[in-house]
Amino acid sequence: MAGVLLSAWLGGCATPQTQALLAAHSRPMQQRAELVSVPFYPQEIHQCGPASLAMALNAAGAKATPQELAAQVYLPGREGSLQVEMLAATRRNGLLAYELAPKLDDLLAEVADGAPVVVLQNLALSWYPVWHYAVVVGYDLDRGEIFLRSGREQRQVLPFATFEHTWERAGYWAMLALPPGRVPRSATEAAYVSAAIALEKAGQPKSAEAAYAATLDRWPRNLAARIGMGNTAYIRGDLSRAERAFRQAALDHPDSAIAFNNLAQTLADRQLYAEALTAANRAVALAGPELAAARETLEQIRKKVP
Amino acid sequence: MNPSFMRVTSRFLIASMLLGLPLQSAHAGLVATERAAMSAQSQPDRERIRAFLDREDVRHEMLTRGVDGEAAKARVDALTDGEVQKVAGRLDQMPAGGDVVGVLLFIFLVLLVTDILGFTKVFPFTRTIK
């Protein structure tokens with residue numbers, strides 16, 4: 001899709017985000033930031049993806065070298081790495097991958113907050129794209145400059161406008177790799193909880209649980225995070241912890257069939273059949289899109305009742 | 001890389017969507033976390049998309065391109081929860097400020113509607129009205 005958008009759109013030379021940012025009278029963010037401690041891996045030929053990812057992952061505390069990551073994200077046939085694989089590899093290494101909104105001020109705010117940002121750029125033109133991953137590690141609003149670890153340059157300095165052009169041509173794609181307990185400053189509730197769910201689906205229940213807990217710290221009423229707390233505890237075999245989470249979910253969200261269904265299943269696994277039946281009946285009574293699952297749970301529990 | 005990069009990306013996304021959405025938890029009896037995220041968010045999202053299509057500037061833009069706003073809204077009602085989330089997510093990702101019906105926003109909208117009407121097939125989540 002982005003390809004279609006880009007080819008249809010390019011032609012203008014405006015950099016609206018840069019202009020808005022530099023024209024703003026009251027800038028809410030720091031004037032200047034630079035994350036000097038982010039490591040630098042000069043990229044091998046075509047391997048900007050693995051190199052950029054390694055820098056971001058190392059900065060977030062994960063041990064991974066570009067060589068190891070190349071096996072996970074680099075497609076030799078395409079001489080590059082897909083964005084989805086960059087996200088997936090981040091999760092496989094136990095970190096939370098968060099895609100930023102396409103806003104320059106959000107991106108800079110995250111850098112000011114201490115998180116290097118992996119960006120995709122199109123260094124050439126829409127009809128002759130040269131895709132490139134780099135890591136934003138700093139900026140200076142007064143000078144209108146952005147600092148990147150890019151290719152073989154440890155500290156590339158680009159004017160905001162140039163950066164915005166190259167970033168815009170790649171669909172303003174940017175991601176963070178974060179320790180799972182940390183919520184980005186610009187995070188939205190829905191996007192953050194989706195990132196946590198992706199971590200759970202990537203087979204990282206422990207990391208996902210930390211991300212769900214962080215979600216609930218910021219947004220205590222989030223149903224998915226509460227269910228996620230229970231599901232990850234269940235996956236790890238900690239049934240009493242799962243039960244606690246599902247009880248809390250049912251308490252906070254008395255209309256959630258999922259909360260009662262999962263509570264019923266957990267109680268049944270703990271052989272608390274009477275209470276499990278009550279919860280399962282409640283889940284069926286609430287109906288909704290999970291009715292089939294709730295009925296199945298109820299039936300299975302009925303079979304088990306001695 | 002070359003332009004087919006995007007095509008591969010969208011194929012990958014379609015595949016992961018098809019594989020991802022209906023996936024239940026691997027553990028029998030438990031409903032997967034993502035199902036909870038969907039039901040919680042789809043209603044406000046649906047409202048947001050409808051409100052967006054209702055806006056005077058958006059209606060005007062669609063009308064001048066010969067797109068019936070009511071047909072587009074009817075289609076929103078028929079989207080599944082997952083599809084609604086994807087559309088609403090697109091709305092969220094639009095750069096804020098400035099000209100509201102910006103070029104990107106406009107192209108997105110036209111492609112969304114033309115997808116729905118079956119002229120194009122850009123978004124993996126649209127289904128054509130027959």
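This is a predicted model: local features need pLDDT of at least 70, side-chain atom pairs count only at pLDDT 80 or more; totals for chains, interfaces and linings use all residues.
Is A:Tyr172 buried or exposed? At 6% relative accessibility, A:Tyr172 counts as buried, because the cut-off for buried is under 20% relative accessible area. A:Tyr172 sits in the loop between helix H7 (160-168) and strand E9 (174-178) of chain A. Its phi is near 55 degrees, a positive value in a residue other than glycine.

A:Gln271 also has a positive phi without being glycine, in this case near 65 degrees. A:Gln271 belongs to the loop between H12 and H13 of chain A. With 57% relative accessibility, A:Gln271 counts as exposed. A:Arg270 is found in that loop between H12 and H13 too, and at 37% relative accessibility A:Arg270 counts as partly exposed. Leaving aside neighbours within four places in sequence, A:Arg270 is in contact with A:Leu239, A:Ser240 and A:Glu243. For one of these, A:Ser240, the C-alpha atom is separated by 8.3 Å from that of A:Arg270, and the two residues are 30 apart along the chain.

The buried residues of H13(A) are A:Tyr273, A:Ala276, A:Ala279, A:Ala280, A:Ala283 and A:Val284. They cover an arc of only 140 degrees around the axis, which means that they lie on the same side of H13(A). These buried residues pack against helix H12 (257-269) and helix H14 (291-304) of chain A. The face turned away from the buried side carries the exposed residues A:Ala274, A:Thr278 and A:Ala285. Just after H13(A), A:Ala287 takes a positive phi of about 50 degrees.

Helix H13 is also joined to another helix through charged side chains. A:Arg247 and A:Glu275 meet in a salt bridge, at 2.8 Å from N to O. A:Arg247 lies in helix H11 of chain A and A:Glu275 in helix H13, so the pair ties together parts that are 28 residues apart in sequence. Both partners are partly exposed: A:Arg247 has 32% relative accessibility, and A:Glu275 has a relative accessible area of 36%.

A second pair is formed by A:Glu209 and A:Arg236, whose closest N and O atoms are 2.3 Å apart. This pair links distant parts of the chain, with A:Glu209 in helix H9 (residues 205-218) and A:Arg236 in the loop between helix H10 (223-235) and helix H11 (239-252), 27 residues apart. Here A:Glu209 is buried, with a relative accessible area of 6%, whereas A:Arg236 is partly exposed at 37%. A:Arg143 and A:Glu145 meet in a salt bridge as well, at 3.1 Å from N to O; A:Arg143 is exposed, with a relative accessible area of 58%. Over all chains, the structure holds 13 salt bridges. A:Arg32, A:Glu34, A:Asp140 and A:Arg155 are linked in a network of them.

Beyond four places in sequence, the contacts of A:Arg149 include A:Leu35, A:Pro39, A:Phe40, A:Met55 and A:Gln154.

Helix H5 (residues 83-92) of chain A has eight of its ten residues buried, so it is largely enclosed by the rest of the structure. Among the buried residues of H5(A) are A:Gln83, A:Glu85 and A:Arg91, as well as A:Val84, A:Met86 and A:Leu87. A:Gly94 follows H5(A), with a positive phi near 80 degrees.

Chain B has six helices and zero strands. Buried residues make up 44% of its 130 residues. Of the contacts in chain B with a separation of 6 or more, 53% are between residues 24 or more positions apart.

Terms used: Residues are numbered from 1 along each chain as its sequence is written. Chains are lettered from A and ligands numbered from 1 in the order in which they are written. Side-chain values use heavy atoms; hydrogens and water are left out. Buried means under 20% relative accessible area, exposed over 50%, partly exposed in between (1.4 Å probe, protein chains only). Helices (H or I, at least four residues) and strands (E, at least two) are DSSP runs, numbered from the N terminus. The arc is that of the directions from the helix axis to the C-beta atoms. Contact means heavy atoms within 4.5 Å. A salt bridge is a side-chain nitrogen of Lys or Arg within 4 Å of a carboxyl oxygen of Asp or Glu.
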